[in-house]
Amino acid sequence: MLQKIIILILMQLSFLDNCIAQKNSDTMITETSLVYRIKEPKTNAKFSSMLVLLHGHGSNENDILGLAEKVPDHWAVVSVRGPYQLGSNSFRWYDVGMVNGKIEINIDQEELSRKKLIDLINQIADKHHIDKSKIVVAGFSQGANMAQSLGLGEPTIAAGFGVFSGRYVAEFTPYINKSKQLQNVRVFLSHGSGDNMLPKTYADENLNKLKDLGIQITYCEDTNGHSISTKQWSEFSKWLLNFN
């Protein structure tokens, strides 16, 4: 009898712990074509501004979500999982490899991922009545390339994009939307001078390509490797205030 009572108490405590954890954590959404987590604004329940985060190759939506704690309080943050699985908790946005010393991507997979992201952003924006001028898409590494392709290909989907340790993807050039709307898009470009995985020369090339397109650029460099430094994210958070 006593053993049964103890088991019941433990079950109740476990249930309460789960409820508390769910209440205090972000929400995981799986009913759309892309899995994502969403953190509501700290100030109030209304979604007035939204930051969409895209992880790098081989990672997942949880990896970059921790940065959400350092964005302005009135911003909602959505962290999205890439659609292609590599392994346990490991995902990508598209396949990539080296061909004759050059990085080449599967542009068909990239295009499919991009379309899924566009649909998702539109769904969330419509649901929460978010003005597109208050939406920013940012990513790291391969996620940075996805954020940039969204900004260059669909300049009305968001007001700006953040590129952390990314590069200019040549295969995407035919998809660039060179309308006047592209001139209104802002970009935060960031790279580490100590990046050995994707050397800073890729950032220099990207910077020049974006300048040629007439886009408004804010550039932040630090001494870090293939990562996002505290300085870079702090400057990015200040940059987000441009969209208030």
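1. Some ground rules. Residues are numbered from 1 along each chain as its sequence is written, and side-chain values use heavy atoms, with hydrogens and water left out. As this is a predicted model, local features need pLDDT of at least 70 and side-chain atom pairs count only at pLDDT 80 or more, while totals for chains, interfaces and linings use all residues.

2. Start with helices α2 (residues 107-128) and α3 (residues 142-153): their axes come within 10 Å and cross at roughly 70°. The two helices are therefore roughly perpendicular to each other (65 to 115 degrees counts as that). The crossing of α2 and α3 is right-handed.

3. Now look at who meets whom. From α2, Glu110, Ser113, Arg114, Leu117, Ile118 and Ile121 meet Met146, Ser149 and Leu150 of α3 (contact means heavy atoms within 4.5 Å). By type, the residues of this contact are five nonpolar, two polar and two charged.

4. Gly139 sits in strand β9 (residues 135-140). Leaving aside residues up to four places away in sequence, Gly139 touches Leu54, Ala144, Ala147, Gly162, Val163 and Phe164. Its C-alpha atom is separated by 8.3 Å from that of Gly166, 27 residues apart along the chain.

5. Finally, Ser59 is in the loop between β3 (49-54) and β4 (75-80).

Notes:
Axes fitted to C-alpha atoms, helices over the stretch in contact; angles between N-to-C directions. Helix = DSSP H or I, 4+ residues; strand = E, 2+ residues; numbered from the N terminus. Parallel < 35°, antiparallel > 145°, perpendicular 65-115°, else oblique. Left-handed = near helix turned anticlockwise from the far one by under 90°. Nonpolar A, V, L, I, M, F, W, Y, C, P; charged D, E, K, R; others polar.
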